[in-house]
Amino acid sequence: LLHLHTMSTTPERSRDVDAVAGHPAPSPDGAHGVRVLLVDDSALALETISWHLEHWGYEVQGAADAVEALEHAAATRWDLFVLDVDMPKMNGLELLRLLTGQYKDTPIVMLSSHLQSDLVLQAVREGAFDYVVKDSDLGPLRAAMEGALDDARMRRKNDELMLQLRSSNNVLEQQVALRELRVVLTVELGRARERPGVPFGG
């Protein structure tokens, strides 16, 4: 389980945090072009985490509540959802259920100010890839996001391979059927030649 503890940095201090934590910006083939929908009702957390994600190369859209998040989710395709658990009106777990129901192929990482084992288990059961506790060190969040994206890529690759395998099997079955048909036709033609005057297939 990955943990992120308490959110205490500001964008102005984030360069120092990255330097101390040893988190360089990702290579272009990592986070570059990856679209992340970040949902958190805390303006400070939203601003701080968004800054870091953009610094790492992600394309980030923030949402202050579940309603806004659902609007953004429906408007475009996302590669990753990052959801705060503790939100008013509709909490992160309720939003998680809706998103996994509508966008089952998009991985989700949950955020919380506190580590609660029951919430962790519930979030994972509901379909979250990981549960991270907020902290000034954003390294665990980054690791969870990268793990979620890698897992999603692997699942897509597996699905593509399965489709290719099924397609290959279909082609093979068609080829076998054609060979069997040729054999039947050859036998029938042979019989017709042996029985002059008898209609083919009779």
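The questions and answers below go from the overall fold to single residues.

Modeller: This is a predicted model, in which local features need pLDDT of at least 70 and side-chain atom pairs count only at pLDDT 80 or more, while totals for chains, interfaces and linings use all residues. Residues are numbered from 1 along each chain as its sequence is written, and side-chain values use heavy atoms, with hydrogens and water left out.

Colleague: In what order do the elements of the chain run from the N terminus on?

Modeller: Helices (H or I, at least four residues) and strands (E, at least two) are DSSP runs, numbered from the N terminus. The chain has six helices and five strands. From the N terminus on, their order is α-β-α-β-α-β-α-β-α-β-α.

Colleague: How is the aromatic pair of phenylalanine 81 and tyrosine 103 arranged: stacked, tilted or edge-to-face?

Modeller: Rings of Phe, Tyr and Trp (its six-membered ring) pair if their centres lie within 6.5 Å; planes under 30 degrees apart count as stacked, over 60 as edge-to-face and the rest as tilted. Phenylalanine 81 is in strand E3 and tyrosine 103 in the loop between H4 and E4, 22 residues apart. Their ring centres are 6.0 Å apart, with 65° between the planes, so the pair is edge-to-face.

Colleague: Is phenylalanine 81 buried or exposed?

Modeller: The relative accessibility of phenylalanine 81 is 1%. Because of this value, phenylalanine 81 counts as buried.

Colleague: What is the distance from the backbone nitrogen of aspartate 137 to a polar atom of the side chain of aspartate 135?

Modeller: Aspartate 135 lies in the loop between strand E5 (130–133) and helix H6 (139–194). Aspartate 135 counts as buried because its relative accessibility is 12%. From a polar atom of its side chain to the backbone nitrogen of aspartate 137, the distance is 3.0 Å.

How values were computed:
Buried means under 20% relative accessible area, exposed over 50%, partly exposed in between (1.4 Å probe, protein chains only). A polar contact is a pair of N or O atoms within 3.5 Å; within protein, one must be able to donate a hydrogen and the other to accept it, and residues adjacent in sequence count only if both atoms are side-chain atoms.
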